[in-house]
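I opened the notebook on a new structure today. My plan is to go through it topic by topic and write down what I look up.

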Amino acid sequence: MVDPTSDIGEDVSEDDAPACETCGDVVVDEPDHRVVTWIEDAQVQSAHFCNGSCRTDWDGDR
Ligand SMILES: [Zn+2]
């Protein structure tokens, strides 16, 4: 199952911030920030996106 509404919390500094899987921008304090999580090899995987457009583009690649 994919959960597009997960939140990464509020203590993310720029150094620790994830990069958008699509465009590579650092995702920090983005109002349209998206996180997708899924289970793969019995581990939780996650992908971060700076907005819904990047998330849609990434889905198209999989
Ligand atoms: Zn992006």
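**Strand pairing**

Which residue in β2 is the bridge partner of Ile39? I looked it up, and the partner is Val44. I keep in mind throughout that this is a predicted model.

I then checked the pairing as a whole. β1 and β2 run antiparallel, and seven bridges join them. β1 covers 34-40 and β2 covers 43-49. Further along the pair, I found Val35 opposite His48 of β2.

**Overall layout**

I listed the elements next. The protein chain has one helix and two strands. Read from the N terminus, their order is β-β-α. The helix, α1, spans 52-61.

I also noted some totals. The protein chain has 62 residues, and 24% of them are buried. Its accessible surface is about 4,400 Å². Carbon and sulfur atoms account for 40% of that surface. For contacts between residues at least 6 apart in sequence, I read that 39% join residues at least 24 apart.

**The turn**

What sits between the strands of the hairpin? I found two residues between β1 and β2.

I checked the backbone of both. Asp41 has a positive phi near 55°, and Asp41 is not a glycine. Ala42 also has a positive phi, about 65°, without being a glycine.

Buried or exposed, I asked of Asp41? Asp41 is exposed, because its relative accessible area is 70% and the cut-off for exposed is over 50%. Ala42, at 76% relative accessibility, is exposed too.

**A residue in β2**

I picked Gln45, which is in strand β2. Gln45 is at 25% relative accessibility, so I log it as partly exposed. Leaving out residues up to four places away in sequence, I found that Gln45 touches Val36, Thr37, Trp38 and Glu40.

**The zinc ion**

Which atoms coordinate the zinc ion? I found SG atoms of Cys20, Cys23, Cys50 and Cys54, at 2.2 to 2.4 Å. The donor residues follow the spacing C-x2-C-x26-C-x3-C in sequence.

Why do I call the arrangement tetrahedral? The four donor atoms subtend angles of 104 to 118° around the zinc ion. The test for four donors is that all angles lie between 85 and 135 degrees, so the site counts as tetrahedral. For reference, the ideal angle for four tetrahedral donors is 109.5 degrees.

Cys20 is buried, because its relative accessible area is 4% and buried means under 20%. Cys23 is partly exposed, at 39% relative accessibility.

Setting aside residues up to four places away in sequence, Cys50 touches Cys20, Cys23, Val27, Glu30, Asp32 and His33.

**The core**

Which residues make up the largest nonpolar core? I counted nine: Cys20, Val27, Val36, Trp38, Ala47, Phe49, Cys50, Cys54 and Trp58. β1, β2 and α1 are the elements that give two or more residues to this core.

As background, nonpolar side chains in soluble globular proteins tend to be buried together.

Conventions. Residues numbered from 1 in each chain as written. Predicted model: local features only at pLDDT ≥ 70, side-chain atom pairs only at ≥ 80, totals over all residues. Heavy atoms only, no water. Core = buried A, V, L, I, M, F, W, Y, C linked by side-chain atoms within 4.5 Å. Buried < 20%, exposed > 50% of the residue type's maximum accessible area, 1.4 Å probe, protein only. Helix = DSSP H or I, 4+ residues; strand = E, 2+ residues; numbered from the N terminus. Contact = heavy atoms within 4.5 Å. Donors = N, O, S within 2.8 Å, 3.2 Å for Na, K, Ca; no water. Tetrahedral: all angles 85-135°; square planar, octahedral: opposite > 155°, others 65-115°. Areas by Shrake-Rupley, 256 points an atom, 1.4 Å probe, with all protein chains shown as cover. Pairing = 2+ DSSP bridges.
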